[in-house]
Amino acid sequence: MSDVILETRNLTKKYGNFCALDNVSISLKKDHIYGFIGENGAGKSTFMKVVSGLLFPTAGDYSLLGAADPKEISRKRKLVGTMIEAPALYPKFTVYRNVEMQRMIVGNPDASYTDKVLELVGLSDVKEKKAKDLSMGMKQRLGIAIAMVGNPQFLILDEPINGLDPKNIIALRNMLKKINEESECTIFISSHILSELYLLATDFIFIHKGRIIETNTHEELEEKCSQYILIKDSDIPKTVIILEKNYPDTQYKVIADDTLKVYGKPEIKAGLSRYLMEAGIVITELSEKEQSLEEYFMTLIGGETNA
Ligand code: ADP
């Protein structure tokens with residue numbers, strides 16, 4: 001099978017006149033963990049619902065696990081585990097029975113699998129507890145066990161970290177890493193908080209107002225977040241023109257009348273300084289600094305107007 005787990009081509013979803021997904025074309029590769037990052041309302045759930053077959057796209061198409069034809073895609077769905085919005089649990093049934101029922105629904109004939117996934121998500125000790133009596137973190141884990149019981153090659157999780165406390169976030173992250181490594185399962189996980197997925201994902205896809213605004217590997221993101229150049233000088237509008245002319249791919253943000261930040265390209269510092277001096281601009285500061293993940297995310301979102 002090809003290395004591509006999911007490929008979308010100009011996937012578009014409109015609710016009436018409102019465009020919730022706008023020509024989304026992405027490709028997810030086997031064994032990676034993709035962080036799908038966007039503010040509330042960016043279109044993450046809509047995208048996940050479309051590729052999970054819960055919503056029809058308005059336009060565009062996609063292939064899933066190598067299948068492009070709708071009939072073939074629906075056959076492949078049993079290899080995809082999903083948890084979109086709240087986990088679908090039977091509150092009065094035990095943890096074990098919730099997973100066991102799903103094992104039967106997906107037709108996994110291996111009866112030992114229920115215990116195996118409970119072990120994987122760390123719920124073996126509470127398997128006789130009723131689902132309604134679980135903590136929020138445990139409910140999320142049970143939702144993931146249910147998504148895993150078909151032994152999926154692809155796991156789609158919509159905001160599973162939402163509302164968890166820091167201890168549970170760490171537990172969930174470790175569990176997903178284990179699932180990814182031991183079960184060779186590609187994971188696609190959404191969040192509106194970049195730092196929540198930073199220590200988990202191998203790749204990041206940023207969505208804003210229904211459009212993909214950037215994709216980064218973990219290394220690329222690390223590089224972009226680690227450094228920026230802070231420039232204070234006498235003519236910021238002219239600095240912007242010089243920057244765009246000489247370094248057109250550069251992301252930057254004007255943060256005050258006399259201050260500009262240039263992200264992720266520390267190597268341009270010397271060249272830029274030379275261009276500015278040649279243009280007669282008086283530089284009062286030109287230094288390398290660090291920016292946080294959330295600051296980078298905010299820049300990306302705001303970047304639509306200044307990039
Ligand atoms: P996210 O998961 O990133 O928070 P959603 O995909 O849930 O975003 O929503 C994207 C946009 O589509 C939002 O503006 C939301 O209000 C709108 N939306 C979602 N579902 C519907 C619906 N059934 N009808 C109309 N608008 C919707």
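This is a short tour of the structure, stop by stop.

**Before you start**

The model is predicted: local features need pLDDT of at least 70, side-chain atom pairs count only at pLDDT 80 or more, and totals for chains, interfaces and linings use all residues. Residues are numbered from 1 along each chain as its sequence is written, and side-chain values use heavy atoms, with hydrogens and water left out.

**Stop 1: the whole protein**

Show the C-alpha trace. Along its principal axes it spans about 75 × 40 × 35 Å. Switch to cartoon: there are 11 helices and 14 strands. Helices (H or I, at least four residues) and strands (E, at least two) are DSSP runs, numbered from the N terminus. Of the 307 residues, 47% are buried. Buried means under 20% relative accessible area, exposed means over 50%, and partly exposed lies in between (1.4 Å probe, protein chains only).

**Stop 2: colour by confidence**

Colour by pLDDT, the predictor's confidence in each residue, from 0 to 100. The protein has a mean of 91, and 98% of its residues reach 70 or more. Select strand E1 (residues 4-15): among the elements, its mean pLDDT is the highest, at 98. Now select helix H11 (residues 293-306), which has the lowest mean, 74. Where pLDDT is low, the predicted coordinates should not be read in detail.

**Stop 3: Arg9 and Asp61**

Which residue forms a salt bridge with Arg9? The partner is Asp61, with the closest N and O atoms 2.8 Å apart. A salt bridge is a side-chain nitrogen of Lys or Arg within 4 Å of a carboxyl oxygen of Asp or Glu. Arg9 lies in strand E1 and Asp61 in strand E5 (residues 59-64), so the pair ties together parts that are 52 residues apart in sequence. Both ends are partly exposed: Arg9 has a relative accessible area of 31%, and Asp61 has 40%.

**Stop 4: Lys44 and helix H1**

Select Lys44 and Glu159. They form a salt bridge, with the closest N and O atoms 3.6 Å apart. This pair links distant parts of the chain, 115 residues apart: Lys44 is in helix H1 (residues 44-51), and Glu159 is in the loop between strand E7 (154-157) and helix H6 (166-182). Are Lys44 and Glu159 buried or exposed? Both are buried.

Besides Lys44, the buried residues are Thr46, Phe47, Met48, Val50 and Val51. Just after H1, look at Gly53, which takes a positive phi of about 80°.

**Stop 5: Lys132 and Asp133**

Move to Lys132 and Asp133. Their side chains meet in a salt bridge, 3.8 Å from N to O. Lys132 is partly exposed, at 45% relative accessible area. Asp133 also counts as partly exposed, at 46%. Elsewhere, salt bridges that share partners join Glu7, Arg9 and Asp61 into one network. The count for the protein comes to 11 salt bridges.

**Stop 6: Asn174 in H6**

Go to helix H6 and select Asn174. This residue is partly exposed, with a relative accessible area of 45%. The C-alpha atoms of Asn174 and Leu200 are separated by 8.1 Å.
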